[in-house]
Amino acid sequence: MKFTLSREKFHKALQKVNNTIGSRSTLPILGNVLIEAKDNMVALTTTDLEIRIVTHIEAEVEIPGATTVPAKRLLALVTKFEDEQVSVSSDERHHAEIVCGTSCFKLLGIAPEDFPSGGELVPVRTITFKGAELKRMLSQISYAITLNDSRKVLHGMLVSYRDNVVTMVATDSKRLAMTERAVENVAGGNGDCIVPLQAANEVKRQTNPQGDVTLEIGEKMARFTMEDTVLTTKLIEGNYPNFRQVIPATFLREIPIVTSALLGKIELVSQVLSDSTGCIVLNFTEGKLELRASNSDIGEGSTVLPVEFSGDGISASFNPAFLSDPLRFADCETMTFKMNDGFSPVAIDGGDGFVYVIMPMRP
């Protein structure tokens, strides 16, 4: 195998596939990137047996072939190279020689036949998203996924399709984030699947807002195709909790608030909280919202934000991190607080299909 390609493009491609490389794998081959060169194209593949990422880059292929070499070492070398072109070749022992300008390195490889093959995926449902829309939806909810719950289904994001509407949901049982969008390009019927957190984060990271992303869902796997990159992931098996029953059917009070203004006030009063066990109190009264925090180890403080509120006051306590997350990631200029009292679930509505539900803390 021998090929030459742009150092910059090679570097970007290696960055795309390196996130699946873990440090604790007992199989040396899982620390390697599979390099396949043919037809003036080079394919780079990595896997941790749960997620598989393949990306393609143009190259001048002199001799077709394949090998596998340590992925992180190769990325580290290409990152430090300075010349514009990189040449890669491999010998009969699958060791690779990497040349860039006056620099020449050899990485010991493993036979490509030892690299795990990807399982077969037969799509039962295919959904095409605009890149910007999918990236926004993932950002709106992925922070609410937990890996600390014993229920495996909560380690991922629910993707539910019903009657031309895609609903994505994440919850850690303390709060729930949901986003819905109408979609047009769908093949297949209604259904649900649970995408693991790592896969959701990788798709969010790699999606080009100017491009399209095609999601193909099989019985046990899903595949995201993003321009020159394909990510295949195993799905989490099990039944996701009935998330709709968590959202109250009606609310007595609805208070519109400028997102950035409220986030700034939350971050301000949180300065006197010493750790994550602290809470802030939101006290809604005529024409204003008072935010108050106190901690015996540091001090106390309060600040006021003008809001459209009238009638009997409502007071509720919240975990400041849980309260600020939807404001930070929802990408909505204004949000509506929907409340019944200071003890029932509170919904924060972005007005564009995004809803966040949180339980007040007991003060």
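**Strands, a helix and a threonine**

Author: Strand β14 (residues 186–187) pairs with β10 in the antiparallel sense, over two bridges, where strands pair if DSSP finds at least two bridges between them. Strands here are DSSP runs of E with at least two residues, helices are runs of H or I with at least four, and both are numbered from the N terminus. Please keep in mind that this is a predicted model, in which local features need pLDDT of at least 70 and side-chain atom pairs count only at pLDDT 80 or more, while totals for chains, interfaces and linings use all residues. Residues are numbered from 1 along each chain as its sequence is written, and side-chain values use heavy atoms, with hydrogens and water left out.

Reader: OK, and which residue of β14 is the bridge partner of Ile127?

Author: The partner of Ile127 is Val186. β10 also pairs with strand β16 (residues 212–217), again antiparallel, over six bridges, and there Arg125 stands opposite Ile217.

Reader: Switching topic, where is Thr55, and why does Thr55 count as buried?

Author: Thr55 sits in strand β4 (residues 51–58), and Thr55 counts as buried because its relative accessibility is 1%. Its side chain reaches the backbone oxygen of Asp228 at 3.4 Å. That is a polar contact, meaning a pair of N or O atoms within 3.5 Å, where, within protein, one must be able to donate a hydrogen and the other to accept it, and residues adjacent in sequence count only if both atoms are side-chain atoms.

Reader: What else is Thr55 in contact with?

Author: Leaving aside neighbours within four places in sequence, the contacts of Thr55 (heavy atoms within 4.5 Å) include Ala13, Val17, Leu44, Asp228 and Thr229.

Reader: And how do β20 and β21 go together?

Author: They form a hairpin with two residues between them, and Gly287 in the turn has a positive phi of about 75 degrees. Strand β20 (residues 280–285) and strand β21 (residues 288–295) are antiparallel and share six bridges, with Ile280 opposite Ala293. β20 is also joined by five bridges to strand β23 (residues 314–318), likewise antiparallel, where Val281 has Ser317 as its bridge partner.

Reader: Is helix α6 enclosed or open, and why?

Author: Helix α6 (residues 320–329) is largely enclosed by the rest of the structure, because seven of its ten residues are buried, among them Phe322, Leu323 and Leu327.

Reader: Last one, how many helices and strands does the whole protein have?

Author: The protein comes to six helices and 26 strands, and buried residues make up 50% of its 363 residues. Its C-alpha trace spans about 80 × 50 × 35 Å along the principal axes.

Notes. Buried < 20%, exposed > 50% of the residue type's maximum accessible area, 1.4 Å probe, protein only.
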